[in-house]
Amino acid sequence: LAALAVAAGMILSPSLAAAKCDAGEKILKFSLVTAIDGHPKGEAAKAFAERVNREFQGSYCLEIYGNSELYDDDVVFDALLSGDVHFAAPSLSKFGKYTKKLQLFDLPFLFDSPLHVMEFLSTPDALALKNSINTSGFQGLEFWANGMLQMSGARPLRVPADAAGLTFRIQPSAVTDATFRALGAETKTLAFSKVYDALASGEVNAQYNTWSNIQTKGFYLEQAAVTETNFAYLGYMVVTSSAFLDGLDQATRDKFLGLLKLTTHERNRFAFEINQIRRQDIIDDDGIIIRLNEEELQLWRDAFAPVWDQFRDEIGRDLVAAAVKANA
Ligand code: LMR
């Protein structure tokens, strides 16, 4: 496993949440809801903090808080505005209060693979999305990758009809809500930190997430099986407040943004691999993964297809078309 971890570019040093800041350094906080070690976002945040703490030695110290230790994603936005935290990387599904455009990424079966997502994210149409939340006092900085979404339930999900009547935990996304309702399922919006207990108690009996989230939080332990559908993409926008950014002098700001860009380039290419390792961990732990053949996958595509027409105008027809083009 150590060899695999090194191959995936993981940094095996202890969590920087425990890093000691020197006296006189200004402490900055990065708040995450996910695991830190062995997780695409956690490892990226750690790599960013290592860079910041090396380059800004004596002036700034960046602390990483994982596992919703500080804030759930619904409240982290206010914490950014009040200056209690300085960086967060909520999933693209969690910006709905500030822009409808990022719901794009929740459209079912929009991207053929994580590579196509990465391709789209480097286009001007996608880069412009970083400014889509400016009017609310935020600045999107970089897109961080996690991976494709899988789903699981209290009973095995092989065809869409298997999901009817289940209650899926969802992120706060109208598109995702419509996606599962298209299957005849119920939905319940819950913070990531509440999902495991909700599955264990039966408050919800189905969920969807990436391999890394399902494995690091043990969701598969409370489910009959995880079905490999890759039905949508879960990624992040690193976000800060405009007030924090504008408060830095130009050279400091450029240096922060440069270090973040470097980290993004370095880490995003490992996200897919980390998810594959976490997937294997589930298998090694006797978790059951259902793989679908092409005909079965097509049934899920067909079941979800109506969702596109429901949201195309709200998201923006041109934006949807530009994303589809990335699959070409
Ligand atoms: C979720 O709430 O399921 C995810 O957005 C968590 C995360 O940050 O990956």
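This section describes the ligand site and the disulfide of a predicted model. Local features were considered at pLDDT of at least 70 and side-chain atom pairs at pLDDT 80 or more, whereas totals for chains, interfaces and linings use all residues. Residues are numbered from 1 along each chain as its sequence is written, and side-chain values use heavy atoms, without hydrogens and water.

Val33, Thr34, Lys41, Ser91, Lys94, Arg169, Gln171, Phe192, Asn209, Asn213, Leu234 and Tyr236 surround the ligand, a residue being counted if one of its heavy atoms lies within 4 Å. This shell comprises 4 nonpolar, 5 polar and 3 charged residues, with Tyr classed as nonpolar and Gly as polar. The protein buries 100% of the 270 Å² that the ligand exposes when taken alone (Shrake-Rupley method, 1.4 Å probe).

The structure contains 1 disulfide, defined as a pair of cysteine sulfur atoms within 2.5 Å. Cys21 is joined to Cys61 with an S to S distance of 1.9 Å, and the link is left-handed, at -65° about the S-S bond. Because Cys21 lies in the loop between α1 (2-7) and β1 (26-31) and Cys61 in strand β2 (residues 60-65), the pair ties together parts 40 residues apart in sequence. Helices (H or I, at least four residues) and strands (E, at least two) are DSSP runs numbered from the N terminus.
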